[in-house]
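Dear colleague,

Please find the structure below, handed over for your work. My notes on it follow directly after.

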Amino acid sequence: MNRVAIMGIIVEDLGSVGALNELLHEYGRHIVGRMGIPYRQRGVSVISVVLDAEQDAISALAGKVGALPGVSVKTLFSNVMSEE
């Protein structure tokens, strides 16, 4: 069962941006859309990612993202599900 989710990511260590982008590219088939905002006054980047995937795939991506140095992530799952 696929679920719709939104992943909120805050990058405090800009050295992790390359690895983060590689992970997002790896899971690109599950990404509906993403928005990134560089918050230069605070020295962080804020990224929101909308996903449509199996819960295990979303959780795996969140775990990998959260393991990056200086990166925080939270995921919110909707109740919308499909067989895709």
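Leaving aside neighbours within four places in sequence, Ser45 is in contact (heavy atoms within 4.5 Å) with Ile9, Ile10, Val11, Leu14, Ile37, Pro38 and Tyr39. Please note that this is a predicted model, in which local features need pLDDT of at least 70 and side-chain atom pairs count only at pLDDT 80 or more, while totals for chains, interfaces and linings use all residues. Residues are numbered from 1 along each chain as its sequence is written, and side-chain values use heavy atoms, with hydrogens and water left out.

Ser45 belongs to strand 3, residues 44–54. Helices (H or I, at least four residues) and strands (E, at least two) are DSSP runs, numbered from the N terminus. With a relative accessible area of 17%, Ser45 is buried; buried means under 20% relative accessible area, exposed over 50% and partly exposed in between, with a 1.4 Å probe and protein chains only. Opposite Ser45 in strand 3 stands Pro38. Strand 2 and strand 3 run antiparallel and are joined by 8 bridges.

The sheet is open and consists of 4 strands in the order 2-3-1-4, with antiparallel pairing; two strands pair if DSSP finds at least two bridges between them. Strand 2 and strand 4 (71–82) are at the edges with a single partner strand each, so one side of each has no neighbour in the sheet.

Turning to the helices, Leu20, Leu23 and Leu24 are buried in helix 1 (residues 17–26). They lie on the same side of helix 1, because they cover an arc of only 95 degrees around the axis, the arc being that of the directions from the helix axis to the C-beta atoms. Glu22 and His25 are exposed on the other side of helix 1. The buried residues of helix 1 pack against strand 1 (2–11), strand 2 (31–39), strand 3 and helix 2 (55–66).

The axes of helix 1 and helix 2 come within 10 Å and cross at roughly 170 degrees. Axes are lines fitted to C-alpha atoms, for helices over the stretch in contact, and angles run from 0 to 180 degrees between N-to-C directions. Helix 1 and helix 2 are therefore roughly antiparallel, a term for angles over 145 degrees. Leu20, Leu23, Leu24 and Glu26 of helix 1 make the contact with Leu61, Lys64 and Val65 of helix 2.

Yours sincerely

Notes: Parallel < 35°, antiparallel > 145°, perpendicular 65-115°, else oblique.
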